[in-house]
Amino acid sequence: MEVKVVSSKLVKPRYHECAARPDTTEHVPSSVFDMITYHFQMAIIYAFSAPAPSTADIERGLADVLALYRLFAGQVTMGPAGALGVLLNDRGARLVEACVDGATLADAAPSKPTPELLKLHPNLDGEHEEVVQVQLTRFSCGSLAIGFTAYHAVADGHATSDFLVAWGAAARGLAVSSPRHNHPDLFPPRDPPLVEFEHRGVEYRRPTPNANQGHHGHHGADNVVIHKAHFTKDFIAGLRAKASKGRGRPFSRFETTLAHLWRTMARARGLDPEETSTIRVSVDGRRRLAAPPGYFGNMVLWAFPRATVGDLLNRPLKHAAQAIHDAVARVDGAYFQSLVDFASSGAVEREGLEKTAVLRDALGPDMEVDSWLSLPFHELDFGTGGPSYFMPAYFPTEGMMFLVPSYTGDGSVNAFVPVFDHNLDAFKQCCYSME
């Protein structure tokens, strides 16, 4: 696929003539949740079939929505007090226009994340002055691919999806409200801090020299492939019935699908039965910590269900699903508040602790999952209807999965699972088995 870049420019916020001009020197400090999360470019691809939305409508909507979601138009900098945050200087978002001549989207664009997919994004490597970058790539069939990236340190998936839906609404001329973002009084620690749970070895760890970590490049791409597993609504219903048998309340679609993939990965990797496997599961804290409606920023901690490989493979699916359910349940409002208190207690600075949310080339025997099952992908509409498909960009970290609702909207699930190429056949052989 040969992608030709046509133009690149900054789209700045557009304020209505009657509106007062905002302060462009304001610095919004990062919350504790912004600080401890992953700091890399979060990327997704949307595709729109012909007739695709016009560039003019997309750009006008972007300028309008950036006037409300000003964190996405600012720059990540150190503030006056030395704290990381976003300077609301209205720098704008990067908008790149590109085209693929003589090829249709169906023929040229990969159906699952591969290195080729990176051509539909602005460059994801290195440092960027803009928080948000967008690439509009048009194909000869009239279809449009939108490669969207945003710096994860500013907003999580929930907040970013709110922005995307608002962008589409603004492009259609609909009214959009301004979100709430972090301020020093929003998630205060208790006085004195009350640390009720252990956070060392969970969100924080002591420095580990020469660890296999770093910010996200595309390491491991030579021997990692991303497999797209499509689980139909009926298959998931069968899994849920199997896992939930004898249980009053059935396990959720997420719990069941993840439990199945956890067991599948353990089998495909050929792990020793005595090994322990842990999953890092994102847990949204908006309801748990009573964040204001529409809160824009990061609001995620993690649950860590764990089990021995022997138990995963020899005990029924219910065992894995229950481990996931129980681990997520433990990350409740009290746990979120304890983390806020721990972060303000001075222990992080005194002990030189580091965050554990850093990307690695491979996670085995462990895994990580980002669930996008509840995000409103179908609601992104620039005026010509919702997307024909959507998927995460190419993240070749072995064991770091994305669960995404199928773009058919029928309740099925697409799991994007990076595996070592020598484990791919084994994964395919057992991922559709109920056993």
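These are my entries, in the order I looked things up.

**Entry 1: the fold.** I noted at the start that this is a predicted model. I counted 11 helices and 18 strands in the protein. I then looked up the extent of the C-alpha trace, which is about 65 × 60 × 45 Å along the principal axes. A compact globule of 435 residues would have a radius of gyration near 22 Å, and the protein has 22 Å, so the two agree.

**Entry 2: inside and surface.** I found that 53% of the 435 residues are buried.

**Entry 3: charges.** I listed 41 positive and 49 negative side chains. The centres of these two sets lie 5 Å apart.

**Entry 4: rings.** How many aromatic pairs does a search of the whole structure find? It finds 29. I picked out Tyr38 and Phe40, an edge-to-face pair with 6.0 Å centre to centre and 80 degrees between the planes. Tyr38 has 6% relative accessibility, so it counts as buried. Phe40 is buried too, at 7%.

Next I took Phe72 and Phe163. Their ring centres are 4.9 Å apart and their planes stand at 75 degrees, so this pair is edge-to-face. Phe72 lies in the loop between α2 and β4, and Phe163 in helix α4, so the pair ties together parts that are 91 residues apart in sequence. Both Phe72 and Phe163 are buried.

Key:
Residues are numbered from 1 along each chain as its sequence is written. This is a predicted model: local features need pLDDT of at least 70, side-chain atom pairs count only at pLDDT 80 or more; totals for chains, interfaces and linings use all residues. Side-chain values use heavy atoms; hydrogens and water are left out. Helices (H or I, at least four residues) and strands (E, at least two) are DSSP runs, numbered from the N terminus. The radius of gyration is taken over C-alpha atoms; the globule rule is 2.2 Å times the number of residues to the power 0.38. Buried means under 20% relative accessible area, exposed over 50%, partly exposed in between (1.4 Å probe, protein chains only). Lys and Arg count as positive and Asp and Glu as negative; His and the chain ends are not counted. The place of a charge is taken as NZ of Lys, CZ of Arg, CG of Asp or CD of Glu. Rings of Phe, Tyr and Trp (its six-membered ring) pair if their centres lie within 6.5 Å; planes under 30 degrees apart count as stacked, over 60 as edge-to-face and the rest as tilted.
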